[in-house]
Amino acid sequence: MRLTEFWRRMNAHFGETYAESWARDYVLAPLGGRTVVQALADGESAKTVWRAVCQVEDVSSKLR
C-alpha cells in the first residue's frame, strides 16, 4: 500500500481534519504503543499501520 492510499483511507474513515489529529495523538497497542505518525516515521509499512488501525477501529469493509 502506498502512503497516499493510506492517507486516503484515513481521511475517508475519520474525516480530513480528524485523521491527522488521530494519527498524531492516538497510541495503538498493535503498533507497540506508538502512534500512526511514530510508526510510519520508524519505517513501518503503510499496510502494517493500516492493519493496526483496522484492529482498533470499526473500519468499513469497503476501506479494509
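User: Why is Arg9 called buried?

Analyst: Arg9 has a relative accessibility of 16%, and buried means under 20% relative accessible area, with exposed over 50% and partly exposed in between (1.4 Å probe, protein chains only); therefore Arg9 counts as buried. This is a predicted model, in which local features need pLDDT of at least 70, side-chain atom pairs count only at pLDDT 80 or more, and totals for chains, interfaces and linings use all residues. Residues are numbered from 1 along each chain as its sequence is written, and side-chain values use heavy atoms, with hydrogens and water left out.

User: What does the side chain of Arg9 reach, and which residues does Arg9 touch?

Analyst: The side chain of Arg9 reaches the backbone oxygen of Arg64 at 3.1 Å. A polar contact is a pair of N or O atoms within 3.5 Å; within protein, one must be able to donate a hydrogen and the other to accept it, and residues adjacent in sequence count only if both atoms are side-chain atoms. Setting aside residues up to four places away in sequence, Arg9 touches Met1, Trp50, Leu63 and Arg64, where contact means heavy atoms within 4.5 Å.

User: What makes Arg34 a buried residue?

Analyst: The relative accessibility of Arg34 is 19%, so Arg34 counts as buried. Arg34 lies in strand β2 (residues 34–35); strands (E, at least two residues) and helices (H or I, at least four) are DSSP runs, numbered from the N terminus.

User: Which partners do the polar contacts of the Arg34 side chain involve?

Analyst: One is the backbone oxygen of Leu31, reached at 2.8 Å; another is the side chain of Glu44, joined by a polar contact of 3.0 Å. Beyond four places in sequence, the contacts of Arg34 include Tyr26, Val27 and Asp42.

User: Which residues of helix α4 are buried, and what do they pack against?

Analyst: In α4 (residues 46–56), the buried residues are Ala46, Val49, Trp50, Ala52, Val53 and Cys54. They pack against α1, α2 (16–25), β1 (27–28) and α3 (36–41).

User: How do you know that the radius of gyration of the chain agrees with that of a compact globule?

Analyst: The radius of gyration is taken over C-alpha atoms, and the globule rule is 2.2 Å times the number of residues to the power 0.38. With 64 residues, a compact globule would have a value near 11 Å; the chain has 10 Å, and therefore the two agree. The C-alpha atoms fill a box of roughly 25 × 20 × 20 Å along the principal axes.
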